[in-house]
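Here is a short briefing for a reader new to this structure. Take a look at the model before reading on.

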Amino acid sequence: MSSEHADDAREVQEPEASRIALTWSGEPGRHEELTHGMLLDQAERAAAALTRLGVRAGDRVAVHLPLVPESVIATLACGRLDAIRTTLPVSLTVPELVARTRESSARVLITADAAFWDGAVRPVKAVLDHALARGAASGVLPDRTVLVVNRCSRPVSWKPGRDLWWHEALGARAATR
């Protein structure tokens, strides 16, 4: 491609990259907008993080997130890898989560520290932690990697070697360039 055509292609792509792709309103007063370029960059970084965690085409990634931008990013990342996104609704009970995580065979689970709904902060990771502990105790759930999205800045229980912060896992790509 000549440099003239490359410049024309960039001009067509750049305006699209700067257009808003996702608008999200959530927790009290919290509003986020991601452009196409930002969303694609986050998806690429999430796909790289999942690859470093061993996710390959055909593998399952279980997503246990409220309706937040990271849920969309996780979906796009799975699509980039031809991985299968399995949704674990945050409304599931511990026994339901044990069954669904066992059925999913996901090697990576993505959850949030907590979430706002009905005007209160509700635990999300704590419920998943209980399900993973119950499943491990009964021998039905092997240890898996848990990526934790920080949405409410609340203290959460942490299992070293299993739990990783989402933002740190996505940031690791930039550090390895």
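The points below cover a helix, a helix pair and the nonpolar cores. The model is predicted. Its largest nonpolar core has 29 residues. A helix pair, H2 and H3, packs at an angle of about 60 degrees.

**Helix H4**
- H4 spans residues 94-104, and its buried residues are Val94, Leu97, Val98, Thr101 and Ser104.
- Viewed down the axis of H4, these buried residues fall within an arc of 140 degrees, so they line one face of the helix.
- They pack against strands S3 (60-64), S4 (84-87) and S5 (108-112), and against helix H5 (125-137).

**Helices H2 and H3**
- The axes of H2 (residues 36-52) and H3 (residues 69-81) lie 8 Å apart.
- Their crossing is right-handed.
- Residues of H2 in this contact include Leu39, Leu40, Ala43 and Leu50, and those of H3 include Val72, Ile73 and Leu76.
- The contact residues divide into 12 nonpolar, 2 polar and 2 charged.

**Nonpolar cores**
- Within the largest core, the residues with the most contacts are Leu50, Val55, Val61, Leu65, Ile110, Leu147 and Trp166.
- Elements giving two or more residues to this core include strand S1 (20-25), strand S8 (145-149) and helix H6 (166-176).
- Leaving aside neighbours within four places in sequence, Leu147 is in contact with residues including Leu50, Ile110, Trp166 and Ala169.

Note on methods:
Residues are numbered from 1 along each chain as its sequence is written. This is a predicted model: local features need pLDDT of at least 70, side-chain atom pairs count only at pLDDT 80 or more; totals for chains, interfaces and linings use all residues. Side-chain values use heavy atoms; hydrogens and water are left out. Buried means under 20% relative accessible area, exposed over 50%, partly exposed in between (1.4 Å probe, protein chains only). Helices (H or I, at least four residues) and strands (E, at least two) are DSSP runs, numbered from the N terminus. The arc is that of the directions from the helix axis to the C-beta atoms. Contact means heavy atoms within 4.5 Å. Axes are lines fitted to C-alpha atoms, for helices over the stretch in contact, and angles run from 0 to 180 degrees between N-to-C directions. A crossing is left-handed if the near helix is turned anticlockwise from the far one by less than a right angle, and right-handed if clockwise. Ala, Val, Leu, Ile, Met, Phe, Trp, Tyr, Cys and Pro count as nonpolar, Asp, Glu, Lys and Arg as charged, and the others, Gly among them, as polar. A nonpolar core is a set of buried Ala, Val, Leu, Ile, Met, Phe, Trp, Tyr and Cys residues joined through side-chain atoms within 4.5 Å.
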